[in-house]
Amino acid sequence: MRAKLFIEEIMYEILKEVSEDYFQKKKIAQDMSAEELYKKILDTMDMDIVEDDGKEGTIIFPTPGCPHNVKDGHHCGCSFCDWNDTYVAHPAYVFELRKKDANLYRNMQLEYLRRLRESNHSVHIFEEYAIHDCFDEKELSEEERNYLFEEKHAIGEMPIIALAQVRAESITKEKLQKWKGMAKRQLTLGIGVETGEQWIRNHWLNKKMDDDTIRRAVTVAHENKCKVSANILMMLPGLTLKQNVELLKESVKKLDTFGIDSFMLSPLVVKKYTIQKNIKSSNLENENCISGMLLIFKEIGSLDKKYQEKLMFSSINFKDYFAQFKLSEQQIEQVDKMLELLTAGGMKSAQIEKIADMFQVNCNKEFYEQYQAMDGMDKIKTTLQNAAFELVTNVLEESRQKEVLTIFQKELNNWDERKDAKI
């Protein structure tokens, strides 16, 4: 058995409360009948459709939880994400229902999807299937997929374009052939790549996804006439704004060489069970949150237009990002204008240019001078060392801090030597 990575040690601790809650719910669920579980899950189900405007929507239906995050009930997932706590309806209850009665489990998902479609009244042009990994048998088996989408036609008429969220290692020709029928015209696979820098992706974000796996996934997708969209974080926990800008631009250019068709960019939202919650230095101050975001768009605008036209922006995550701050009426107007531009049609480069122009009007000279003085990518190891120290101090008991910091330092020292090694 390999030793735990630094970020695993941290995430096991951050998510300990979630794991304990999971085990408590699991114990309750074990004492309930399948029928009782079925009713409880349906009674507490969140029926919201994200960004439902009649043209596009997101389907998030209950599953046993993220296979990457939950292992034997213990939670240790992506370090910037607390999806299990936020969006999934009682994964412990769902897990036990699936184990107790596979038929009732399938019917529970079917009932959810039927309610979802009834509340919407029409099929979307674009629809996203946003469970953690649509291709993972632990989350949605082949039998369950066939039952929901072929035998029962749970969402009715298929959308013209569909986006399925998956992990790169789950993509196979066989899965793609099955899922291509989920869209009339085009199936796109959304992969949470987060950054083009493999070491940071695995040792800091805890993705466990190497570059070779991403390349292979893109190749298989294209061979089967599917597209790939890479989910990218515009900001990474613990890094300076300047490092984030430089890394973001390099990530787009690097991942473009893999054959990625588009990039979905999202800002970093501070959530309870994440490392960014425990690293103060990674987050923009309230008064600079808009200036910092506008500056990022100004820098994105320096990319070649061939890259800019591949960029998309998650408006729901932008709304969540700005909701973290106490904004003045004037700042709210600026955010509304930015969000309007992000969701506007037309050329992406034109949208980016208009948002970048807002920077010239709204950003003060002092902030820009502070940005220029920040550490860049040439000092990223020092920045990560400082962030790791802050994390360890805030998360772990004093008796474990030195040991876990030693693990991090060893991993950091091996970054250049084993940059392309698999996790």
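**Close-up views of a predicted model**

Of the protein's 423 residues, 55% count as buried (buried means under 20% relative accessible area, exposed over 50% and partly exposed in between, with a 1.4 Å probe and protein chains only). This is a predicted model, where local features need pLDDT of at least 70 and side-chain atom pairs count only at pLDDT 80 or more, while totals for chains, interfaces and linings use all residues. Residues are numbered from 1 along each chain as its sequence is written, and side-chain values use heavy atoms, with hydrogens and water left out.

View 1. Helices (H or I, at least four residues) and strands (E, at least two) are DSSP runs, numbered from the N terminus. Along the principal axes, the C-alpha atoms fill a box of roughly 60 × 55 × 45 Å. Among contacts with a separation of 6 or more, 82% link residues 24 or more positions apart (contact means heavy atoms within 4.5 Å).

**View 2. Cysteines C66 and C78, neither of them in a disulfide.** The structure holds zero disulfides, a disulfide being a pair of cysteine sulfur atoms within 2.5 Å. For C66, the nearest cysteine sulfur is that of C78, 6.4 Å away. For C78, the nearest is that of C81, at 5.9 Å. C66 is buried, with a relative accessible area of 14%, and C78 also counts as buried, at 13%.

**View 3. Helix α12, residues 289-300.** Here 11 of the 12 residues are buried, so the helix is largely enclosed by the rest of the structure. The buried set includes C289, M293, F297 and E299. At 1.5 Å a residue, α12 should span 16 Å, and its end C-alpha atoms are 17 Å apart, which agrees; the expected span is 1.5 Å times one less than the number of residues.

**View 4. Strands β4 and β5, paired in the parallel sense.** The pairing of β4 (residues 126-129) with β5 runs over four bridges; two strands pair if DSSP finds at least two bridges between them. F126 stands opposite I161 in β5. Five of the six residues of β5 (residues 161-166) are buried, so this strand is largely enclosed by the rest of the structure.
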